[in-house]
Amino acid sequence: MVRIVDVAKKANVSTATVSRVISKPDTVREETINKVLRAIKELNYHPNVLARQLRTSETKTVIVVIPDISNPFFSKVLRGIENLASANGYQVLLGDALNDSEQESRYLDMLRQKKADGMILLTAKMKPELVEEMANEFPVVLACEYIEGSSIPTISIDNVSSARKATEYLIQLGHRRIGTISGPLDSVLGQDRLKGFYQAMARYSLSVDPVLVQEGHFNYESGFNLMKKFLALNKMPTGVFAANDEMALGAIRAIRTMNLRVPEDISVIGFDDIHFSSIFEPALTTISQPAFEIGSKAMELLIMLMDKKKIEKNQYILDDSLVIRESCSKINKSLHI
């Protein structure tokens with residue numbers, strides 16, 4: 001293994017000079033830098049990362065905690081994080097919280113143990129005071145979810161208005177008996193998207209049948225099973241808003257098992273715009289989140305915190321959009337008399 005002393009000998013400089021060229025090149029003359037870089041290249045020298053950590057207390061690693069690694073929405077967010085992290089010399093350590101607040105807190109312990117320089121949380125189920133405590137001591141950014149009243153830098157969309165927009169689209173197509181499969185109500189996303197649904201129904205003075213409000217788990221299985229409940233009613237909904245695409249796709253599958261059609265018999269709209277939504281049949285109408293941009297902005301904010309730079313504001317709201325495809329249509333009144 002080539003050592004720093006070998007590079008110093010090859011370049012005819014001290015080991016301290018080699019170290020400065022690697023970590024603080026602005027303090028070294030250009031001629032010396034060139035000599036050292038040539039020696040590094042010829043010897044194929046790789047700096048000892050562990051030794052560097054001991055000297056600088058930096059790991060050049062960030063932890064990204066997601067609620068559920070099986071949810072395809074987060075792949076785009078992670079790509080945005082990884083893209084900017086890599087460009088700035090950071091490696092990303094992924095933590096799957098398994099929708100468990102205790103598991104989330106274990107990843108916070110890694111910050112305490114100096115195993116990473118900062119953390120991006122794509123979930124916020126753990127106790128707010130615990131997250132706030134860590135954010136006061138270490139660089140922490142929240143993305144996708146948020147903590148009410150928190151001063152932690154946060155990047156997301158407005159989930160309430162987005163869910164309202166999705167529900168209003170069904171109403172504008174003539175649907176009046178509309179069901180919703182919400183996300184888990186112990187999550188801020190589940191709460192906000194359900195709130196948006198209720199706001200849309202109230203805006204158009206439409207009553208909500210309590211049996212048409214069911215709590216899902218942001219997965220395909222809950223969408224399938226809860227849609228089965230709707231289909232067992234004497235009076236089924238004509239339209240359904242599912243709080244994420246996986247549940248929407250599960251709902252469509254359940255409708256098909258009853259030999260009903262989407263959207264001719266029942267319209268379904270989702271949320272997130274995962275890749276599979278555009279290639280599913282029928283292609284899913286949904287709310288599209290700028291997932292890559294959310295990830296990229298979260299990493300940008302984290303880098304600023306790690307570099308001890310001032311962040312202008314604590315909350316950044318990005319724009320969403322309604323993507324109209326094939327899973328929704330005007331109500332066929334002859335089928336729902």
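These legends describe close-up views of a predicted model. Local features need pLDDT of at least 70, side-chain atom pairs count only at pLDDT 80 or more, and totals for chains, interfaces and linings use all residues. Residues are numbered from 1 along each chain as its sequence is written, and side-chain values use heavy atoms, with hydrogens and water left out.

**View 1. The six-stranded open sheet.** The strand order is E7-E6-E8-E9-E10-E12, and the pairing is mixed. Strands E7 (213-215) and E12 (321-323) form the edges, each pairing on one side only. From one strand to the next, the twist averages 20°. Strands (E, at least two residues) and helices (H or I, at least four) are DSSP runs, numbered from the N terminus. Two strands pair if DSSP finds at least two bridges between them.

**View 2. Strands E6 and E8, with two helices on the sheet.** E6 (residues 178-182) and E8 (residues 239-242) run parallel, joined by four bridges. Thr180 stands opposite Phe241 in E8. Helix H8 (residues 159-172) packs on the sheet and touches E6, E8, E9 (267-272), E10 (285-288) and E12. The direction of H8 makes about 165° with that of E9. Helix H10 (residues 220-231) also packs on the sheet, touching E6, E7 and E8. The direction of H10 makes about 150° with that of E6. Contact means heavy atoms within 4.5 Å. Axes are lines fitted to C-alpha atoms, for helices over the stretch in contact, and angles run from 0 to 180 degrees between N-to-C directions.

**View 3. Strand E10 and its two partners.** E9 and E10 run parallel and share four bridges. Here Asp272 stands opposite Ser288 in E10. E10 and E12 run antiparallel, with three bridges. Ser288 stands opposite Ser321 in E12. Thr285 and Ile287 point one way from E10, Thr286 and Ser288 the other way. All four are buried. Buried means under 20% relative accessible area, exposed over 50%, and partly exposed in between (1.4 Å probe, protein chains only).

View 4. Asp272 lies in strand E9. Its phi is near 125°, a positive value in a residue other than glycine. Most residues other than glycine have a negative phi, and most peptide bonds are trans. The relative accessible area of Asp272 is 5%, so Asp272 counts as buried. The side chains of Asp272 and Arg193 meet in a salt bridge (3.8 Å, N to O). This pair links distant parts of the chain, with Arg193 in helix H9 (residues 188-203) and Asp272 in E9, 79 residues apart. Arg193 is buried too. A salt bridge is a side-chain nitrogen of Lys or Arg within 4 Å of a carboxyl oxygen of Asp or Glu.

View 5. The structure holds ten salt bridges. In the pair of Asp320 and Lys165, the closest N and O atoms are 2.7 Å apart. Asp320 sits in the loop between strand E11 (315-317) and E12, and Lys165 in helix H8, 155 residues apart. Asp320 is buried, with a relative accessible area of 15%. Lys165 is partly exposed at 30%. In the pair of Arg112 and Asp109, the closest N and O atoms are 2.3 Å apart. Both residues lie in helix H6 (residues 101-112), three residues apart, about one turn of the helix. Arg112 is partly exposed at 35%, and Asp109 is partly exposed at 30%.

**View 6. The buried side of helix H1.** Val7, Ala8 and Ala11 are the buried residues of H1 (residues 4-11). They cover an arc of only 100° around the axis, so they lie on the same side of H1. The arc is that of the directions from the helix axis to the C-beta atoms. Asn12 follows H1 and has a positive phi, near 60°.

View 7. Asn44 lies in the loop between helix H3 (30-43) and helix H4 (49-56). Its phi is positive, near 55°. Asn44 counts as exposed, at 52% relative accessibility. A cis peptide bond joins Val262 and Pro263, with omega about 10°. Pro263 lies in the loop between helix H11 (245-257) and E9. Another cis peptide bond joins Glu281 and Pro282, with omega about 0°. Pro282 is placed in the loop between helix H12 (275-279) and E10.
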